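Here is a short report for a first look. Keep the sequence and the 3D view open while reading.

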Amino acid sequence: MLSPQEPPKRKLRVATTSLSGCFGCHMSLLDLDENLLALVDLVEFDRSPITDIKHCGPCDIGIIEGGVCNSENVHVLREFRENCRTLIALGACAVNGGLPTLRNGLDVREVLREAYFEQPGAVCNTIPNDVELPLLLDKVHPINEVVRVDYFIPGCPPSRDAIFKFLTDLIAGRTPRLDYPQMRFD
Amino acid sequence: MNTENTFIIDGSPIPFEPGQTVLEAALKADVFIPHLCYFPGLRPNGNCKLCTISINGKHSSACTTLARPGSEIENNTPALNDKRRLMLQMLFVEGNHFCPGCEKSGNCQLQALAYELEMMTPHFNHFFPNRKVDASHPEAFLDMNRCITCGLCVQASRDVDKKNIFILSGRGMASHVVINSPSGNLGDSDFSMSDKAASVCPVGAILPKHRGYSVPIGKRLYDGVPISSQTEFLKTRKA
């Protein structure tokens, strides 16, 4: 089992979010199991799917899962960058766009038409355009193409060991570094 | 050891036979120099530049430089590995490399080198190019999204298979692999999975059909052992 590092004097404040991701990276975070208890001794959570806080306040660490595919993703990502001293891209989609970027070779209008008109069983004959719905960007981007990013943890998803090693390194003030078995792009 | 036919890599003496390149001699002595477009038995062409070394203070490709007695070579240094990582990052953003959705993942030399050189991010803005996927052949599919134009399939098809199926077309940024068949599709060529060209691709651009993810995660070539510790495998591949 991984051992927790010596706790810092005050708990670090951490915010997490999933942009254009599948929540797999957050699942991997929850997969820390008993190490979550070690982590909770070191940090407290701000905005996160775990806390349901809606907006990010001043934080020490921001963790972003998923790439940027729509206007809401851009706003959330900028809010994180403004509020977090250290921003981490977690997982393949945040690091290089991931599988959502498979649509980048296609025209957005054609993608929407295919989904809402031409799929067998498509029942609506209009492309949803409610003002509440964020607009799609013409391409899906990794987050470092929109804001400055301090650290990257690759993997689809990164393993719990990779996440724990990286975060505990960072919190203890060491340069975060993954061991070979933790370094994965898939 | 014949001291006349010896050069130094990172302080260690490496023996060589006259006519050997630096990369060949280093691999034979189990010293790893990162490389993508070198394959034993095929003529080295210095395409990928991953094997860039510093030889007596000058940068050069280890795969095309003949070993000379007494050369002082730097290989595994932070400065050279920084340059190599930069080249890898450029290769990653120029194509569409979606490792989680690629059957070559875990056995891919590009990915293995990215692990070896700790490439945490492709860093540069992605090109997201529109490239062709050719599924016309009954045994193999060709996914140009992953092609790094190393030229190994071109050489193997020309020099070993004597079929000239793969050809590099265009120049500079526009260079890409084309198929020498009436329609330009692999299915219209006499390509076969038993060709040497079918097995030299360092990435997942040429893959067999009907196989899928045949080896479980954890048991693939580069899952447990870094490519730098697999010189035995790298040097015993046969063209």
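## A hairpin in chain B

B:I55 stands opposite B:K58, a residue of strand β4 in chain B. The model is predicted. Two strands of chain B meet here: β3 (residues 52–55) and β4 (residues 58–61). They run antiparallel, and four bridges join them.

The hairpin of β3(B) and β4(B) has two residues between its strands. B:N56 takes a positive phi in this hairpin, near 50°.

## A buried helix

Next comes helix α3 of chain B, residues 109–116. Is this helix mostly covered or mostly open? It is mostly covered: eight of its eight residues are buried. Among them are B:L110, B:L113 and B:Y115. B:Q109, B:Q111 and B:E116 are buried too.

After α3(B) comes B:E118. The phi of B:E118 is positive, near 50°.

## Where the chains touch

Chains A and B are in contact. On one side, 21 residues of chain A take part; on the other, 19 residues of chain B. Which element gives the largest share of the chain A side? That is helix α4 of chain A, residues 92–96, with three residues.

By class, the side of chain A that touches chain B has twelve nonpolar residues.

Definitions and conventions. Residues are numbered from 1 along each chain as its sequence is written. Chains are lettered from A and ligands numbered from 1 in the order in which they are written. This is a predicted model: local features need pLDDT of at least 70, side-chain atom pairs count only at pLDDT 80 or more; totals for chains, interfaces and linings use all residues. Two residues are in contact if their C-beta atoms, placed from the backbone, lie within 7 Å. Ala, Val, Leu, Ile, Met, Phe, Trp, Tyr, Cys and Pro count as nonpolar, Asp, Glu, Lys and Arg as charged, and the others, Gly among them, as polar. Two strands pair if DSSP finds at least two bridges between them. A residue is buried if 20 or more other C-beta atoms lie within 10 Å of its own, exposed if 12 or fewer, and partly exposed in between; C-beta atoms are placed from the backbone.
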